Amino acid sequence: MRENTMTKRAAAAALLLALTVLLASCVGVDTKVKINKSGSGAVSAEYRMSQELVSFGELEANKAMLPVPLTRADVENSLRSAKGLKLESWSSRKDGTDLIVKTVIAFDSMDALMLYLDPNGKLATYSATQEGTSVAFSLGDKLPALDPDMKELAKEAFAAYAFRFAVELPSTPKEASSGHPAVSARVDGNTVVFEGKMRDIVASDAAPSMRLSW
């Protein structure tokens, strides 16, 4: 029984790592982006990771795949060549069996924000015209197709985690839409909030994608 339990936990950790790499996020993510009128601003993010995922990602062969640096030095190194991005604060703490990492990263322009959202420059774009500004971004091309057993394992592993991505805009939103059935979009004043349950997101083979304009 113990061997089966350990095998299941190892399989869950491997699956979590594979899915989080494709999502370019973590098991649970709560992000708040504040965009000023000038296009500068800050991203405050809280990443909640299971201990199994942290332990799996700490292995030398897996370190490069973990999408969130686990130390302040790792974050600073990841931003060293990132033009327009600066680490304002970093902290980590244990919460039960989870590790919670919090970062605040300042950006000096919309170009820098797009770099933060997608360092590869493929999944986050924006346009600015006299009519206003629009942003479109995705957290990945697609998720791996899972067989029924793996899908249930994924839903169980992600059951305690949520996805939330809020963007505070410098003016009233004109559009706020989600391209994923498990992620809703709502407007609260000048803030657009995208949110959903991670277990529902990973049960689909589509990565969350979002559009907004102001």
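Me: What should I know about the origin of the model, and how many helices and strands does the protein chain have?

Reply: The model is predicted. Its protein chain has six helices and 11 strands.

Me: How much of the protein chain counts as buried?

Reply: A residue is called buried when its relative accessible area is under 20%. Of the 214 residues in this protein chain, 42% fall into that class.

Me: What share of the contacts joins residues 24 or more positions apart?

Reply: Taking the contacts in the protein chain with a separation of 6 or more, 61% are between residues 24 or more positions apart.

Me: Why do Glu46 and Lys102 count as partly exposed?

Reply: The class lies between buried, under 20%, and exposed, over 50%. Glu46 counts as partly exposed because its relative accessibility is 25%, and Lys102 does so because its value is 34%.

Me: Which residue forms a salt bridge with Asp95?

Reply: The partner of Asp95 is Arg48, and their closest N and O atoms are 3.0 Å apart. Here too distant parts of the chain are linked, with Asp95 in strand β3 (residues 85-95) and Arg48 in strand β2, 47 residues apart. Asp95 has a relative accessible area of 31% and is therefore partly exposed. Arg48, at 22%, is also partly exposed.

Me: Which parts of the chain does the salt bridge between Glu175 and Arg211 tie together?

Reply: In this salt bridge the closest N and O atoms of Glu175 and Arg211 are 3.8 Å apart. Glu175 lies in strand β8 (residues 175-178) and Arg211 in strand β11 (residues 209-213), so the bridge ties together parts 36 residues apart in sequence. Glu175 is partly exposed, with a relative accessible area of 31%; Arg211 is partly exposed at 41% relative accessibility.

Me: How does one find empty space inside a model?

Reply: A probe the size of a water molecule, rolled over the atoms, shows where empty space is left. In this structure, the count is one cavity of 30 Å³ or more. The largest cavity holds about 50 Å³ of space.

Me: Which residues line the largest cavity?

Reply: Its lining consists of Val33, Ile35, Leu113, Met114, Leu117, Val135, Phe137, Phe165, Val167 and Leu212. Two or more lining residues come from each of β1 (28-35), α4 (110-117), β6 (132-138) and β7 (162-168). The largest share, three residues, is given by α4. By class, the lining has 10 nonpolar residues, with no polar and no charged ones.

Me: Is α4 mostly covered or mostly open, and which of its residues are buried?

Reply: Helix α4 is mostly covered, since six of its eight residues are under the 20% limit for buried. The buried residues are Met110, Ala112, Leu113, Met114, Tyr116 and Leu117.

Me: Where does Ser40 lie, and what does Ser40 touch?

Reply: Ser40 is in the loop between β1 and β2. At 18% relative accessibility, Ser40 counts as buried. Its side chain makes a polar contact of 2.9 Å with the side chain of Ser38. Leaving out residues up to four places away in sequence, Ser40 touches Lys34, Ile35, Phe107, Asp108 and Ser109.

Me: In which strand is Thr125 found, and with which residues is Thr125 in contact?

Reply: Thr125 is found in strand β5 (residues 124-129). Its relative accessibility is 44%, so Thr125 counts as partly exposed. Beyond its neighbours within four places in sequence, Thr125 is in contact with Met114, Ser134, Val135 and Ala136. Thr125 and Asp111 are 14 residues apart in sequence, and their C-alpha atoms are 8.7 Å apart in space.

Definitions and conventions. Residues numbered from 1 in each chain as written. Predicted model: local features only at pLDDT ≥ 70, side-chain atom pairs only at ≥ 80, totals over all residues. Heavy atoms only, no water. Buried < 20%, exposed > 50% of the residue type's maximum accessible area, 1.4 Å probe, protein only. Salt bridge = Lys/Arg side-chain N within 4 Å of Asp/Glu carboxyl O. Helix = DSSP H or I, 4+ residues; strand = E, 2+ residues; numbered from the N terminus. 1 Å grid on protein atoms, 1.4 Å probe; cavity = no way out; pocket = protein on both sides within 12 Å on 5 of 7 lines; lining within 4 Å. Points joined across faces, edges and corners; volume = space filled by probe spheres on them. Nonpolar A, V, L, I, M, F, W, Y, C, P; charged D, E, K, R; others polar. Polar contact = N/O pair within 3.5 Å; in protein donor to acceptor, adjacent residues only side chain to side chain. Contact = heavy atoms within 4.5 Å.
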